[in-house]
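Open the structure in your viewer and keep the selection tool at hand. We will go stop by stop.

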Amino acid sequence: MTASTPATQDILVHAEAGVTTITFNRADKKNSITEAMYAAMADALAAARDDAAVRVVVFQGDMAIFSAGNDIADFLRQGAQGGGAAAPDAQAPVWRFLQALAEFPKPLVAAVCGPAVGIGTTLLLHCDLVYAGDNAAFSLPFVNLGLCPEAASSLLLPQLMGYHRAAEALLLGEPFLAEAALEVGLVNRVVPPSECNLLAQAQARKLAAKPLSALVETKRLMKAGQATQIRERMREEGASFARLMAGPAAREAFTAFMDKRHPDFSRC
Ligand code: COA
């Protein structure tokens, strides 16, 4: 059964047996995420939150790619318009998605194979269970794009892995692999890519068979101490991100990516 038909085919939403599955479906662009895709995911999360029949949401890509992060052509366009789309504007699709994600009351599960770049990794910080294929590669190249972290990752990543490992991930922006993600606690288990989505679905079904009220209350209690801090950090990051996105370093990084050349930051 399909839960609702999103306005874009680049996101698939499927509901079955109490589990809503959100699938990135833009393989030709490595599942990079456009504004329309953020809007579709925000709508899917809002619908899943409000539907008593939905108990769990799963994010997945395919065996080769989770997500290459924000669509860089969209970044380029938003930067040229002053970077407003990443600012804490309640109506901006990315902001609607981030808020819905951070405040989602029911369990969130993710299955990650291949690259998980930028928001492809930071969204995992808001998931409750994360399963990875042994080909997963996590990266946070915000600095390399002239940007700063988002999704409260500047708060949550140092907490999760310790300051120095987070600094390596966020300042250098180099990928870290599935085993490293397992070691720091970003993922629950590493499996062959062919088993990853199946494992996530099986775990989601287990959760869906449990009493929803107890799941929701347990998740709320585990996160209670931090909810306000996360909201405030996301706002602070959003304001900085919007400012940087309109700046010369980001413009150079986005243009270089589109032109398939190395960026030149010597004047940024
Ligand atoms: N935004 C827009 N297009 C993207 C994209 C992104 N974030 N990531 C990949 N693409 C596009 C490429 O431009 C290319 O398009 P083309 O076929 O029209 O030339 C296509 O997807 C395939 O990408 P390619 O780089 O050739 O694939 P790869 O397997 O060699 O590398 C990645 C995969 C994910 C490692 C690499 O694409 C990448 O680093 N992407 C950018 C990630 C990024 O910086 N995201 C922003 C995070 S904040």
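Start with the ligand. The space it takes is the largest pocket. Keep in mind that this is a predicted model.

Now select what surrounds the ligand. The shell has 16 residues, and Lys29, Ala68, Asn70, Ile72 and Lys260 are the closest. By class, the shell holds 8 nonpolar, 3 polar and 5 charged residues.

Zoom in on the ligand's nitrogen atoms. Which distances separate them from the backbone? At Ala68, a polar backbone atom is 2.8 Å from a ligand nitrogen. At Asn70, a polar backbone atom is 3.0 Å from a ligand nitrogen. At Ile72, a backbone N or O atom lies 2.8 Å from a nitrogen of the ligand. Taken alone, the ligand exposes 870 Å², and the protein buries 64% of that.

Step back to the whole largest pocket. Its space comes to about 770 Å³. It is lined by 34 residues, with Ala68, Asn70, Ile72, Leu145 and Phe257 closest to its centre. Colour helix 11 (248-259). With 4 residues, helix 11 gives the most to this lining. Helix 2 (72-80), strand 5 (115-117) and strand 7 (137-139) each supply at least two residues. The lining counts 19 nonpolar, 8 polar and 7 charged residues.

Last stop: the second largest pocket, with about 450 Å³ of space. Select Leu124, Leu125, Cys127, Leu160 and Lys223, which lie nearest its centre among 19 lining residues. Which helix provides the largest share of this lining? Helix 5 does, with 3 residues.

Terms used
Residues are numbered from 1 along each chain as its sequence is written. This is a predicted model: local features need pLDDT of at least 70, side-chain atom pairs count only at pLDDT 80 or more; totals for chains, interfaces and linings use all residues. Side-chain values use heavy atoms; hydrogens and water are left out. A residue is near a molecule or strand if one of its heavy atoms lies within 4 Å of it. A polar contact is a pair of N or O atoms within 3.5 Å; within protein, one must be able to donate a hydrogen and the other to accept it, and residues adjacent in sequence count only if both atoms are side-chain atoms. Accessible areas come from the Shrake-Rupley method with a 1.4 Å probe; for residues, only the protein chains shown count as cover. On a 1 Å grid over the protein atoms alone, a cavity is a set of points where a 1.4 Å probe fits but cannot get out, and a pocket is an open set with protein on both sides within 12 Å along at least five of seven lines; lining residues have an atom within 4 Å of a point. A molecule sits in a cavity or pocket if more than half of its atoms lie within 2 Å of its grid points. Ala, Val, Leu, Ile, Met, Phe, Trp, Tyr, Cys and Pro count as nonpolar, Asp, Glu, Lys and Arg as charged, and the others, Gly among them, as polar. Grid points are joined across faces, edges and corners, and a volume is the space filled by probe spheres set on the points.
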